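Please work through each task before reading its solution.

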Amino acid sequence: MVIEERNAVIREYQWSFSQKYQDAAHNRKLKENKAQTICAVIENHVGKNLQDLSVLDVGASTGTIADYLSGKVRYMAAVDIDAPAIEYAAKTYSSPNLDFLVGDAMNLSFGSHTFDVVICAHVYEHVPSAQQMTSEVYRVLKNGGICYFAAGNKFQLMEPHYRLPFLSLMPRQSANLYLKFTRKGDNYYEKHLTYWELREILRPFEIIDYTSRIIKNPTHFRAQYMIRPGSKMQKIAQFVATHAYWAVPTYIWLLKKTR
């Protein structure tokens, strides 16, 4: 019963996420940068342009990434539980091959084996059940299809949503008190997983790592906004990815449906 009540609160929190965090939701430049990296990774994997692909963006928010991708693929669908975000996206972006839909990442309205590609970037920590969401991603992918999966690690010094050190590592009650004390919020809704926990929920997929490739060559993957080539940060990131992969703050994986 407690779990059900908490899940209901999380859902209500998500219904107006874009209105609570307008700066993040409407940061067009950052989202276009991410879209360019997504395209570069997918193109690197498929070895061709994307014009024959059907793509679903799960957790599409205000639609900037979906709009960018719609100019490169055959069909683009974008889903988010945040109705105001989807309404904004539908009013702002228009293309004959682009559809915006209000929907739940844990209960997608599409048939099985529908999409060549699913985008799921920094979404898993926001939903009540990451396991259920990834199962839905697996279901709607065609056999041999891929999911671009960007995932924050529980083991990260700085929590990315609230910019508070060690927040994601704290027990839920302590995290809530930490947010209140710092006046950043009342409840910590996000739930990050460790590297091993992520691997567990993604067992049905073949995981193709692009984290290390992007760190090594950010220019090739249009990721200079994340890591500057030749910088001290790049060298540190390469060391961590080589010697302590479990501690990498953010993973970028392609998840392949093999059967």
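**Exercise 1.** Determine whether Glu 136 is buried or exposed, and identify its salt-bridge partner.

*Solution.* Step 1: Glu 136 has 11% relative accessibility and therefore counts as buried, where buried means under 20% relative accessible area, exposed over 50% and partly exposed in between (1.4 Å probe, protein chains only). Step 2: its partner in a salt bridge is Arg 139, with the closest N and O atoms 2.8 Å apart; the term denotes a side-chain nitrogen of Lys or Arg within 4 Å of a carboxyl oxygen of Asp or Glu. Step 4: Arg 139, at 23%, is partly exposed.

The model is predicted: local features require pLDDT of at least 70 and side-chain atom pairs pLDDT 80 or more, while totals for chains, interfaces and linings use all residues. Residues are numbered from 1 along each chain as its sequence is written, and side-chain values use heavy atoms, without hydrogens and water.

**Exercise 2.** State how many salt bridges the whole structure contains, and describe the one formed by Asp 116.

*Solution.* Step 1: the search finds three. Step 2: Asp 116 pairs with Lys 142 at a closest N to O distance of 3.3 Å. Step 3: this pair links distant parts of the chain, 26 residues apart, from strand E4 (residues 115-121) to strand E5 (residues 141-152); strands (E, at least two residues) and helices (H or I, at least four) are DSSP runs numbered from the N terminus. Step 4: Asp 116 is buried at 17%, whereas Lys 142 is partly exposed at 28%.
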